[in-house]
Amino acid sequence: MPKLSQFSFPKDRLSGRELMVVAALALILIFVMPSLLPGFRLDLLHRYLALAIVALGIDLIWGFTGLLSLGHGIFFALGGYAIAMHLKLQVPATASSSLPDFMSLYGVTELPWFWYPFYSFTFAVAAVVLIPALLGALLGYLVFRNRIRGVYFSILTQAAIIVFYNFFNGQQKLFNGTNGLTDFQTLLGFPVRNAQTQYWFYVLTVIFLALAYLLCRWLTMGRFGRLLVAIRDDEARVRFSGYNPTSYKVLVFAISAALAGIGGAFFTLRTGIISPRAMDIAFSIEMVIWVAVGGRASLIGAVLGALLVNFARSLLSEQFADIWLFFQGALFLIVVLALPTGIVGWLRTEAPNLIAKLLGRPQPLATYPELEFDPEVQYEREVLEQEGK
């Protein structure tokens with residue numbers, strides 16, 4: 001297992017330079033990339049930026065807190081279903097029924113009671129965040145209060161996603177079963193499929209990604225961030241120090257679930273569909289792979305990993321339609337085995353030494369800087385060298 005020193009952790013303050021970099025990247029994504037990328041590539045970028053929000057939540061719960069969740073597809077799908085239910089209730093005035101179109105196919109004559117609040121856009125937006133967060137808090141409390149962690153926690157999250165997948169997959173009358181919710185028409189009176197509307201969805205996705213990054217950055221700073229790392233590395237010592245790890249883990253898990261719900265909502269607005277396939281186990285495992293490739297405990301690594309892995313998958317599937325899955329699997333194995341701390345971790349630790357070696361510059365010793373220049377240490381080193389001669 002990688003040591004604590006192998007990971008790079010945020011500083012205790014959010015500097016003005018970092019805020020400027022985040023703002024600059026957001027402006028580039030909003031104003032520059034739409035003019036540089038063709039429509040298809042911009043569509044992919046939009047989707048992957050939504051997935052990057054999910055990756056930040058995964059990094060928060062796994063990279064910093066050490067809880068490997070393999071069931072975040074639940075929260076992703078719930079966020080998507082929340083906004084999709086509101087969209088399906090925007091029935092055109094010319095429609096023969098005020099019910100969502102799929103309900104009439106299954107003989108439903110009255111809207112289910114829990115659909116009524118989703119007529120409100122405000123309620124739907126709140127549900128995107130609160131339903132995944134509350135479910136995450138409930139599941140987290142039930143699991144963490146019994147001190148379940150490690151591989152057992154991962155197995156439980158997989159079991160949970162199987163339960164939710166089977167439930168949504170079998171509810172044709174309530175959620176259209178395996179077909180999911182699709183064919184959205186309007187949102188606040190604006191046509192969902194319109195290019196201008198989609199551009200504003202893209203802008204909102206970029207803004208919420210930046211806000212999600214700043215939120216995770218703020219959470220991982222200072223005492224709270226160090227406590228999360230302490231829980232990851234030695235939970236028993238944290239408990240003996242007078243802290244209650246359960247409450248912290250429940251809070252972080254709820255925030256991570258909320259981020260997954262937000263990502264699912266924006267992904268649904270872009271793709272125009274949400275179905276139980278979002279709760280597929282393989283998709284939840286892919287979320288973990290994004291963070292592993294980009295770099296655990298590195299928020300920028302989570303975003304970078306989500307973008308790189310998904311764009312690589314898209315390009316490989318275009319060039320090698322029949323065998324692209326083999327290339328994708330090989331890529332994951334190479335990155336994980338050769339770069340255990342991810343791309344960002346390698347860039348921060350190994351890349352500077354490699355560049356210095358290629359340039360012929362002396363490499364720093366793997367010790368504290370004070371010892372390298374301590375006169376007593378230098379004197380002892382000279383004595384040992386003379387004795388060796």
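Predicted model: local features only at pLDDT ≥ 70, side-chain atom pairs only at ≥ 80, totals over all residues.
Residues are numbered from 1 along each chain as its sequence is written, and side-chain values use heavy atoms, with hydrogens and water left out.

The protein chain comprises 16 helices and 4 strands, both being DSSP runs numbered from the N terminus (helices: H or I, at least four residues; strands: E, at least two). Along the principal axes, its C-alpha atoms fill a box of roughly 95 × 50 × 45 Å. Of the 389 residues in the protein chain, 44% are buried; with a 1.4 Å probe and protein chains only, buried denotes under 20% relative accessible area, exposed over 50%, and partly exposed the range in between. Among contacts (heavy atoms within 4.5 Å) between residues at least 6 apart in sequence, 79% join residues at least 24 apart.

The accessible surface of the protein chain amounts to about 20,800 Å², and carbon and sulfur atoms contribute 65% of this area; the areas come from the Shrake-Rupley method with a 1.4 Å probe, and for residues only the protein chains shown count as cover. The chain carries 28 positive and 23 negative charges, whose mean positions are 7 Å apart. Lys and Arg count as positive and Asp and Glu as negative, while His and the chain ends are not counted; each charge is placed at NZ of Lys, CZ of Arg, CG of Asp or CD of Glu.

Domain 1 spans 16–290 and domain 2 spans 346–388, with bounds from an automatic or database domain assignment. Their centres, taken over C-alpha atoms, are separated by 47 Å.

According to the unreviewed UniProt entry, the annotation "transmembrane region" covers several segments, including 151–168 and 287–311; such annotations may be inferred rather than shown by experiment. Residues 151–168 are 100% helix and 0% strand, with end C-alpha atoms 26 Å apart. For residues 287–311 the corresponding values are 84% helix, 0% strand and 14 Å.

Most residues other than glycine have a negative phi. Arg147 lies in the loop between helix 5 (121–144) and helix 6 (151–169) and counts as exposed because its relative accessibility is 55%. Ala297, located in the loop between helix 11 (281–294) and helix 12 (299–319), counts as buried because its relative accessibility is 1%.
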